[in-house]
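Welcome, and please take a moment with the sequence and the 3D view.

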Amino acid sequence: MQLHHFHDPEGNFGDDLNHWIWDYLLPGWRQAWPDTWLVGVGTLINEKMPAGVPKLVMGSGVGYGDLPSEQMKAECRFVSVRGPRSAAALGIDSALGILDPAALIPLLSDFSGIERHGETLFIPHHRSIHRQDWPALCARAGLSFLSPRGEAKGVIRRIAGARLVVTESMHGAILADAFGVPWHAVSINAQFNSWKWADWGESVGVDVKIHPLASALEPLFRKLQRQPAAKPAAGGAPAADGGRGAPARPGQSWKGRLRLALERMSVEPKIAALAKQPGQLSDRAKLADAQERLQARLAELAGEMVATA
């Protein structure tokens with residue numbers, strides 16, 4: 001099989017774990033069914049899936065892009081999807097809306113017995129990584145910054161050892177929850193997708209509460225961004241940095257600096273407050289049941305692979 005997953009050139013642990021998770025969960029998958037694509041962990045079920053080839057959908061979800069056409073759906077074998085909302089959107093058996101496969105990672109031998117370091121972690125979405133100087137902001141707020149762009153196994157072990165995780169990355173919450181680490185979900189980026197969080201949350205019996213961190217002045221920022229740029233100063237020098245003639249660095253116009261400063265003033269106290277509040281956890285019985293059902297589906301699939309080898 002070939003693997004279909006999202007690839008960020010700068011890295012994103014929730015997508016990058018696809019490179020090794022299937023070797024644990026579905027040994028021998030690389031050699032099985034060479035004409036088939038494995039659609040793995042992520043919000044991948046859309047019209048951008050490989051077309052005209054058989055696809056094995058294993059725990060992926062709906063949420064980005066257009067739903068696959070009926071023709072593309074006919075090319076898919078849905079072993080499981082991320083949650084009940086994905087199953088309903090696709091019009092498939094609701095029993096297939098089981099769980100994100102990343103929630104099985106604590107059951108793998110390489111991730112057993114991880115000691116708690118007791119840190120409170122902050123994990124932004126990989127698309128929010130450049131919005132702030134997160135390490136400095138977190139240090140002032142009393143949290144430890146954890147980049148979603150780090151090596152996946154290392155990021156997961158840090159999450160597993162935490163006291164609390166404040167995260168815009170959904171897989172930050174999925175992994176924390178699976179390891180029994182309380183978490184808070186936060187939104188920073190305007191493209192935050194609450195629907196996919198609800199899809200996963202319903203699979204494990206938790207009503208996900210999203211804490212918005214963006215400033216209430218966001219509409220003003222957008223209005224400023226639509227205004228025309230300042231005219232050049234006398235002599236042709238750009239009227240940057242308040243019209244004093246000093247050239248602004250890329251992305252550091254006065255509007256950009258104002259946005260960063262006001263966002264920082266909004267975000268810092270909010271995450272500091274969340275760090276002191278009890279986090280959420282899913283229904284432990286529902287999580288265990290979903291893990292068992294997903295493992296059963298994987299075992300059935302492994303049996304088929306052996307039988308057709």
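A cavity is a set of grid points where a 1.4 Å probe fits but cannot get out, and its lining residues have an atom within 4 Å of a point. Keep in mind that what you see is a predicted model. A search of the whole structure turns up 1 cavity of 30 Å³ or more, and the largest cavity holds about 100 Å³ of space. Which residues line the largest cavity? They are Tyr64, His125, Arg127, Glu168, Met170, Asn189, Gln191, Phe192, Asn193, Lys196 and Trp197. Sorted by class, this lining has 4 nonpolar, 4 polar and 3 charged residues.

Now step back and look at the whole chain. You can trace 11 helices and 9 strands in the chain. Of its 309 residues, 50% are buried. The accessible surface comes to about 14200 Å², and carbon and sulfur atoms account for 55% of that area. If we take the contacts between residues at least 6 apart in sequence, 63% of them join residues at least 24 apart.

Next, let us turn to the nonpolar interior. In soluble globular proteins, nonpolar side chains tend to be buried together. Here the largest nonpolar core has 55 residues, and Ile105, Ile159 and Trp183 touch the most other members. Several elements each supply at least two residues of this core, including helix H2 (18-25), strand E3 (55-58), strand E5 (120-123), helix H6 (152-160) and helix H11 (284-307). Helix H7 (170-178), strand E8 (183-187) and helix H8 (194-204) also each supply at least two. A second, separate core of 16 residues includes Leu137, Leu164, Ile188 and Ala275.

Leaving out residues up to four places away in sequence, Trp183 touches Leu164, Val165, Ala173, Ala176, Asp177, Trp197, Trp200, Val206, Val208, Gly279, Gln280 and Leu281. Among these partners is Trp197, which you have already met in the lining of the largest cavity.

Why is H7 described as largely enclosed by the rest of the structure? The reason is that 9 of the 9 residues of H7 are buried. Just after H7, Gly180 takes a positive phi of about 80°.

H7 also leads us to an open space. The largest pocket has a volume of about 490 Å³. Its lining is made of 23 residues, of which Phe6, Asp15, Thr43, Leu44 and Tyr64 are the closest to its centre. Helix H1 (13-16) and H7 are the elements that give two or more residues to this lining, with the largest share, 3 residues, coming from H1. By class, the pocket lining has 6 nonpolar, 12 polar and 5 charged residues.

To finish, compare two residues. Apart from neighbours within four places in sequence, Ser80 is in contact with Val57, Met58, Gly59, Ser60, Leu96, Ile98 and Leu294. Gln71, in helix H3 (residues 70-74), is exposed, with a relative accessible area of 60%. Gln71 and Gly52 are 19 residues apart in sequence, with their C-alpha atoms 8.9 Å apart in space.

Definitions and conventions:
Residues numbered from 1 in each chain as written. Predicted model: local features only at pLDDT ≥ 70, side-chain atom pairs only at ≥ 80, totals over all residues. Heavy atoms only, no water. Helix = DSSP H or I, 4+ residues; strand = E, 2+ residues; numbered from the N terminus. Buried < 20%, exposed > 50% of the residue type's maximum accessible area, 1.4 Å probe, protein only. Contact = heavy atoms within 4.5 Å. Areas by Shrake-Rupley, 256 points an atom, 1.4 Å probe, with all protein chains shown as cover. 1 Å grid on protein atoms, 1.4 Å probe; cavity = no way out; pocket = protein on both sides within 12 Å on 5 of 7 lines; lining within 4 Å. Points joined across faces, edges and corners; volume = space filled by probe spheres on them. Nonpolar A, V, L, I, M, F, W, Y, C, P; charged D, E, K, R; others polar. Core = buried A, V, L, I, M, F, W, Y, C linked by side-chain atoms within 4.5 Å.
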